[in-house]
Amino acid sequence: MTDSVGRVSSRRAIIQGAAAGAVATLLPGTSRAANEPAIGTYPAGSSGDTVFIGITIPRTGTYAVPGEDVLKGYQLAIEHLNAGDPLIRMISPHTSKGVLGKQVTSGVADSGAKPNDAVQNGSRFISQNKAVLITGSVSSAEAVALNKLAQREKVIYLPGISGSNDTTGKDCVRYSFRECFYGQTAAAAIAPVMVKNIGKNKKAAYLVPDYTYGHTVHQSMEQFLKAGGWTTATAQVAPLGAPDYSSYLLNIANSGADVFININFGNDAVQSIKQAQQFGILGKQILSVPYNTPFLARDVGADLMAGVYAATDFWWTLEDRFPLAKQFVAAFEKKFGYKPEWGANAGYMQLAMWADAVERAKSFYPPDIIKAYEAGPEIQSTVGPVRFRGADHQLIRPVIIERGKKKADMKSADDYYEVLEVVPGEGLMQAPDAFGCSLGPAT
Amino acid sequence: MLSWPNFFSQFFNGLALGALLALISSGLTIIYGTLGVLNLAHGAMFMLGGYAGFVAWQHTGSFALAVLAGSLFMVVVGVLIERVVIRNFYRRPHEDQILVTFGIGIVLVELVRLGFGSDTVSIQPPAWAMGVTPLGFLIYPTYRIVVLGIAAAALLVLYFVLYRTRIGMIVRAGIEDSGMVDILGINVNHVFMLVFGIGAMAAGFAGIVNAPVVALTPDAGDTILVETFVVVVIGGVGSFPGAVLGGLIAGEILSLTSMVDPSYSEVMLFAVMTLVLVLRPQGLLGQQDRA
């Protein structure tokens, strides 16, 4: 840091700064980064030839499987950024090679989906590696904790998977930007489809993981299904990572519900659905998964998922609708040998859109990057054009409604879902301040 | 959801859950009782047993062979761990024993993760045990009823070995006073090795039997370990009947509380444990000097 201060005060730097300033006056929206004061890991983190991204993601525990998928999305994005791949340049048009010409390096740490571990990982990346960006989450509990860290440390943070309304709601921060869909948008998108297909005035049984994600998705689902006259027969709240759901499932089996709405995610979703079948629930109640977890169909099998309604962020057959999805699926499958799930898409898109914001800001100075994000230009994505909402830093993006295919209807081993609707994001979102978002300062 | 059908359902479910917890806890409690080592790798052994059974099941397609092969594998693993690592820690402070068994647990979990990944794997129960059984007041997964039977039978076998055989008598004597057993000319080292092997087998056996109910992941032992410790504390550290009683109590607490509000079931479990610690620190069936 002393180095850079010294450099700023040198004659050359002053001339460079003045030149940059002149350019900035001519081109509105560009910054005068060279003269900006130190903030967070700036300028130390971007003073060399490389910049470091700290990835904290669950690689163990109940969210390990979706965590690995998100991580692979990051890895592909970093490879594409450094090589200036045509795909990433469709999303971030100013990218040549690297980000602002600097090669991207990264470090990965396991969070186990625990907020404390996630924050420790993030802090270490910031203090030891001078990370210019922290990214990763599968649990909203870790995303919310990292939001707070990012705001305190003034280092940008991008959640990986985070479905809670709170992440860009009451716990939103200036330094965080979310790509994926969340409880409110999921519920707003899937509820009308369920009422249309299953009928009005039904009784629903909920299985709810006991933390911010579960509670907000549950709340939003109840709110939107009420419009169709649906009531709640029971809401079973289970701790994250509960291995045995028998007692919850007995309550659900005895509740007289018509529909079983399972909000669990990751391995919890896999376990609870398999066990629900053992208890004979799936034969009597229609299963719905309002926030679909990556690899769910593969793990529980097509037989159990046939006819199940689910909302998701991305499904690989969207390649038939969106050219970028086709390129992304092809590149991902070539590198990793399987069709990307939505976690990988979220990871890839987050880094691509961050690169775009940095390129547009022409600087690693965080307040300038934030401004570039908040300007909210239209960005090409794997699910069509999207843009960030400046008021709460949520990406306005469609929600995909899918239904599990019968085994006989599957065209290939991975063809688990039929995409029913791609619901545009704008109409699904609450007013930016409805969940109490107050972003806080950038400096 | 308070209703008679739900009460009976949950009570029965608590029994099934409790029998399994009792089986796992009995392994932990006899290891502690005899060796004086608090085995924090017990959850990992539960998980490892499940995976060993899974491999055997994949190769043979037979559930019975999976249980047999997995259990034998766990005896070998238990004996090896005792010989190579645990044996060097008998004279070390409790903190060292806790740390080393904790470490063994991490190593086992990560080795399994290396070999099998984090995805879930399941063992299919035998065909005759699939499906559901109507029990009048509820329909209940047939295999879970089978688990209840298997766990009860395994506990009976353990009881028979511990209370009706010479080796069991030596083990129980070892629990009372291992120094005296040594003085009497019995090779305590062999007894310790055997006990650790049996303890590991009990955990592993439970892991295999449970694998068709709850799909396996490398982290499957984490929650079980905590619940097992609670069972042992409630029942009395080092007491085999205590582990059985504690297991059944814990199973019923978890199941019956969730009938009222599932989010309180674990809280209740710990509340009861606290109560036991306050009123009867040695546990319900534990002895004063061992607590």
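**Figure 1. Pairing of Ala204(A) with strand S6 of chain A.** In this predicted model, Ala204(A) has Thr232(A) as its bridge partner in S6(A). Strand S5 (residues 203-209) of chain A and S6(A) are joined by seven bridges and pair in the parallel sense. In general, the strands of a sheet pair through backbone hydrogen bonds, in either a parallel or an antiparallel manner.

**Figure 2. The contact between the two domains of chain A.** Domain 1 of chain A comprises 2-182 + 321-396, and domain 2 comprises 183-313 + 399-428. Their C-alpha centres are 31 Å apart. At the contact, 26 residues of domain 1 of chain A meet 26 residues of domain 2 of chain A. On the domain 1 side, helix H3 (64-83), helix H6 (140-153) and helix H15 (342-361) of chain A are the elements that give two or more residues. H15(A) provides the largest share of that side, four residues. The side of domain 1 of chain A that touches domain 2 contains 12 nonpolar, nine polar and five charged residues.

**Figure 3. The interface of chain B with chain A.** Contacts link 28 residues of chain B to 29 residues of chain A. Helix H1 (4-35), strand S2 (139-141), helix H9 (240-260) and helix H10 (265-279) of chain B each contribute at least two residues to the chain B side. Of these elements, H1(B) supplies the largest share, six residues. The side of chain B that touches chain A is made up of 12 nonpolar, 13 polar and three charged residues.

**Figure 4. The packing of helices H5 and H7 of chain B.** The axes of helix H5 (residues 142-164) and helix H7 (residues 188-210) of chain B come within 11 Å and cross at roughly 165°. H5(B) and H7(B) are therefore roughly antiparallel to each other, and H5(B) passes H7(B) in a right-handed crossing. From H5(B), the residues Val147(B), Ile150(B), Ala151(B), Ala154(B) and Leu158(B) meet Ala202(B), Phe205(B) and Val209(B) of H7(B). The residues of this contact comprise eight nonpolar, no polar and no charged.

Terms used:
Residues are numbered from 1 along each chain as its sequence is written. Chains are lettered from A and ligands numbered from 1 in the order in which they are written. This is a predicted model: local features need pLDDT of at least 70, side-chain atom pairs count only at pLDDT 80 or more; totals for chains, interfaces and linings use all residues. Two residues are in contact if their C-beta atoms, placed from the backbone, lie within 7 Å. Ala, Val, Leu, Ile, Met, Phe, Trp, Tyr, Cys and Pro count as nonpolar, Asp, Glu, Lys and Arg as charged, and the others, Gly among them, as polar. Axes are lines fitted to C-alpha atoms, for helices over the stretch in contact, and angles run from 0 to 180 degrees between N-to-C directions. Angles under 35 degrees count as roughly parallel, over 145 as roughly antiparallel, 65 to 115 as roughly perpendicular and the rest as oblique. A crossing is left-handed if the near helix is turned anticlockwise from the far one by less than a right angle, and right-handed if clockwise. Two strands pair if DSSP finds at least two bridges between them. Domain bounds come from an automatic or database domain assignment.
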